[in-house]
Amino acid sequence: MSNAPPASEGEWRPLRSPYARLVTDPIRTTQALLDPERVLFLSPSTRAILDLCDGSRTTHEIISSLKKQHPNAPIERDVPPALASLHAKGALAYSPLAPVAVVTEQERDGARGDDLRPPLAMTAELTFRCPLRCGYCSNPTDLGAFADELSVEDWLKVLDEAADAGVLQCSFSGGEPLLFDGLEQLIARARARGMYTNLITSAHGLTEERLDALVRAGIEHVQISVQHADPRRADALSGVSAQRSLHEHKLWAARAVVARSVALSINVVLHRETIESVGALIDLAESVGAVRLELASVQSHGWALANRAALLPTRAQGEAASRVAKAAKARIGAKMRVVYVVPDYYADRPKPCMDGWGRKFITVAPDGRVLPCPGAHALPMRFDRVLEGATIEELWRTSEPFNAFRGTAWMPEPCASCDERDRDFGGCRCQAFALTGSANNTDPTCSKSPHHAVVTSAREEAERAAPLIQLRRYHRDRG
Ligand code: SF4
Ligand code: SF4
């Protein structure tokens, strides 16, 4: 069976990605295709085409079948470009042309940042407990403040509320979510409610039996973090000492996931030490059969902020990594989606953090706090908790923190009058707070920000010799 990319002429047999799932979204009353950490909303005609893309029909046969159903429609004209577009978006195969993160109709119909839509994706942070001690960890430094954890019963209600609110993607994360007893029950509930299920894990402690249980529960995508391409450096950077190399265990786990026909992503946090091995990391991800490789630039939040001088790559390192990632995307093509974003500190403009505050994403922290992004726990705001009266849908729509930076009305100058404000939404609120002391400020990574000097001086600092990365420390009673 062949599944070639669409040629301008000639036949091929389109095959829907085995890791993608077609759903009817009851909240938005539309069709959607879900795959690892992404949602594509579909028109009825695109859904009809995708239903026929089972790898057995040629494009000619798909056209013939649709012509029988719709004799007066311009099928021959419309279907080939629709298939090419689906291929480019990764719906028929993973493609380097597919945009990062979540693609929604919001981009396609040009909706402005002020429009309120249902939440698209939820990160369920089940616990901040973790056996690893990564120096780039962006979780809170004060874990004592997050010692309370929701129970399995609580999370089951949260998942129901999330589905009712319109969430289509659910990522189980942490800390290390494998430490949470009852994870399988939660995965099963998320699947039963139609959500695409993602597990974000270090794979520490994962066994054949546990993986089988996760698969039986309905996990669809596992993302495994890798600390470095070199096994010895990887183990040292994870801060775990064990008889068996954790890195080797991760590679075993990655292959075990693929062997069970579950989509695999490899995630690497790029910092001063890992960024030079981007080529080897790409090779590693390909060798274990990943369908997606996320090369995530280190974020200066939580524990990582204290390590910033040790973690921030130099400009030359960033530029070299960009070139390697670009060449790999061109070489690998549809086989593996390589997601690489230029480090914030070296871009002139900030990223559209979370695709806009309170616009698509919701995070529920281990203690039930509902946040617009996983880093928001550091902000001096009072976040409401789940199951304390208001539903997730109500919190999404009406809670003060979600509305504080939603849209563009909150923006100070220079964002308020900037013609790029609907593209980047003023950048990252957590970064603005960490670097300027106020979340209300323009993200200082923007060259138009009056606080941009803090970023240029951090860049200068990065050009000097770096201190050693300090592994994450935990205190028994204070987190
Ligand atoms: S970054 Fe490392 S230490 Fe922090 S939660 Fe993830 S695996 Fe654990
Ligand atoms: S001024 Fe604000 S809106 Fe304009 S590019 Fe910079 S961060 Fe984005």
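Strands β1 and β2 pair in the antiparallel sense over five bridges; two strands count as paired if DSSP finds at least two bridges between them. Helices (H or I, at least four residues) and strands (E, at least two) are DSSP runs, numbered from the N terminus. This is a predicted model, in which local features need pLDDT of at least 70, side-chain atom pairs count only at pLDDT 80 or more, and totals for chains, interfaces and linings use all residues. Residues are numbered from 1 along each chain as its sequence is written, while chains are lettered from A and ligands numbered from 1 in the order in which they are written.

**The sheet**

β1 and β2 form a hairpin with four residues between them. In its turn, T29 has a positive phi of about 45°. R21 has L34 in β2 as its bridge partner. On to the next pair: β2 (residues 30-35) and β3 also run antiparallel, over five bridges, and D35 has R38 in β3 as its bridge partner.

Together, three strands make an open sheet in the order β1-β2-β3, with antiparallel pairing. β1 (21-25) and β3 (38-42) stand at the edges with a single partner strand each, so one side of each lacks a neighbour in the sheet. From one strand to the next, the twist averages 30°. Axes here are lines fitted to C-alpha atoms, for helices over the stretch in contact, and angles run from 0 to 180 degrees between N-to-C directions.

**A helix pair**

Helix α10 (residues 278-287) packs against helix α13 (residues 315-332) at an angle of about 30°, with the axes 9 Å apart. The two are therefore roughly parallel to each other (angles under 35 degrees count as such). On the α10 side, V278, G279, I282 and E286 meet A321, V324, A325, A328 and I332 of α13; contact requires C-beta atoms, placed from the backbone, within 7 Å.

**Residue classes**

Ala, Val, Leu, Ile, Met, Phe, Trp, Tyr, Cys and Pro count as nonpolar, Asp, Glu, Lys and Arg as charged, and the others, Gly among them, as polar.

| Site | Nonpolar | Polar | Charged |
|---|---|---|---|
| Contact of α10 with α13 | seven residues | one residue | one residue |

**The ligands**

The residues around ligand 1 include C130, C134, C137, E176 and R472. A residue is near a molecule if its C-beta atom, placed from the backbone, lies within 6 Å of it. Around ligand 2 there are 14 residues, of which C415, C418, E420, R421 and C446 come nearest.

Key. Angles under 35 degrees count as roughly parallel, over 145 as roughly antiparallel, 65 to 115 as roughly perpendicular and the rest as oblique. Two residues are in contact if their C-beta atoms, placed from the backbone, lie within 7 Å.
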